[in-house]
Amino acid sequence: MRIDLHNHTTRCNHAKGSMESYIKRAIELGIDIYGFSEHAPMDFDSHYRLKFEEMDSYVSDVYKLKNKYKNDIKILLGYEVDYLQGHMDERVLKSEVDYLIGSIHFLGEWGFDNPEFNSEYKNRDINQIWQEYFDNIESMAKRGSFDIVGHLDLIKIFNFMPTKDIRLIASKALKAIRKSNMVIELNSAGLRKPTKEIYPSTLLLEMAYELNIPITFSSDAHAIGQIGFKYDEVIKLAKKIGYSKAVTFEQREQELITF
Ligand SMILES: [Zn+2]
Ligand SMILES: [Zn+2]
């Protein structure tokens, strides 16, 4: 079975292609379970995400496609939600979805994954940046509002790497993920970014495996050509670590499937 749970739509204003064309491509690629996880509305950075007023139409578009293609592919409804103190909204957290991805794209107000703002890496202590990022992951896991950790080590995106051992930096976050019953995604978007590496790294994935943290698969597609991106490479990594099963969701219940 082939799964791809992290995909965007034009409603976030930084993706291209109709939702239906994404589905057609996913079917062509033999994806069995495909999830839309649009950037959820938030009162910060609001241009690059769904608007609160668009939530209903997003949901109904997903359901229309789910019905129309029910014999070809299983379509799931989700959101990618920013874990950002003071900006999370009950309308999103309490919405009826198959799953919520919790992601960190901001440290305070700094959008650290945006190339426009990446000079900031040089203004701060790199070990502290990494620790702050993983402290946020830890507190996100402890909050218990989300099902999937989005791109676990996104902070490596521009290759500003810590001098401290990453295993030490991430250890508490990973333990909190295990405790919260969350799943991590193997997200191939990293292969399209300067890091040229899947999120998470082999090192972190090994730690996750030892802790029995389950995985799922994501291409983080913002364009049709990115659907199922580098799937073979991702599967190869998962198997090398020892994984043979991945998680899919239905109304926030986990189900393990063999990939
Ligand atoms: Zn995006
Ligand atoms: Zn993201």
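Let's start with burial. Of the 259 residues in the chain, 54% are buried. Buried here means under 20% relative accessible area, exposed means over 50%, and partly exposed is in between, with a 1.4 Å probe and protein chains only.

A word on the ground rules. This is a predicted model, where local features need pLDDT of at least 70 and side-chain atom pairs count only at pLDDT 80 or more, while totals for chains, interfaces and linings use all residues. Residues are numbered from 1 along each chain as its sequence is written, chains are lettered from A and ligands numbered from 1 in the order in which they are written, and side-chain values use heavy atoms, with hydrogens and water left out.

Now the overall form. The C-alpha atoms fill a box of roughly 50 × 40 × 30 Å along the principal axes. The radius of gyration is 17 Å. A compact globule with 259 residues would come out near 18 Å, so the chain agrees with that. That radius is taken over C-alpha atoms, and the globule rule is 2.2 Å times the number of residues to the power 0.38.

Contacts next. Contact means heavy atoms within 4.5 Å. Take the contacts with a separation of 6 or more: 73% of them join residues 24 or more positions apart.

On to secondary structure. The chain has eight helices and eleven strands. These are DSSP runs, numbered from the N terminus: helices are H or I with at least four residues, strands are E with at least two. Two strands pair if DSSP finds at least two bridges between them.

Which strands form the open sheet? Seven of them, in the order β1-β2-β3-β4-β7-β8-β9, with parallel pairing. β1 (3–4) and β9 (215–218) stand at the edges. Each has a single partner strand, so one side of each is left without a neighbour in the sheet. Inside that order, five bridges join β3 (74–82) to β4 (99–103). Y79 stands opposite L100 in β4.

There is also an antiparallel pair. β10 (245–250) and β11 (253–258) pair over six bridges. A246 has I257 in β11 as its bridge partner. The two strands make a hairpin with two residues between them. Q251, in the turn, has a positive phi of about 45°.

Most residues other than glycine have a negative phi, and most peptide bonds are trans. N181 has a positive phi of about 70°. N181 sits in the loop between α6 (166–180) and β8, and is partly exposed at 48% relative accessible area. K196 has a positive phi too, near 55°. K196 lies in the loop between β8 and α7, and is exposed at 57%.

Where is the cis peptide bond? From Y199 to P200, with omega near -5°. P200 is in the loop between β8 (183–187) and α7 (202–210). Buried or exposed? P200 is buried, at 0% relative accessibility.

What does P200 touch? Leaving out residues up to four places away in sequence, the partners are L152, D153, K156, I184, E185, L186, L205 and L237. For scale, P200 and S57 are 143 residues apart in sequence and 33 Å apart in space, C-alpha to C-alpha.

S201 is found in the loop between β8 and α7. S201 is buried, at 13%.

D153 lies in the loop between β7 (148–149) and α6. D153 counts as buried, at 2%. Again not counting residues up to four places away, D153 touches Y133, F134, I198, Y199, P200, S201 and L204. Both ends of the cis bond, Y199 and P200, are among those contacts.
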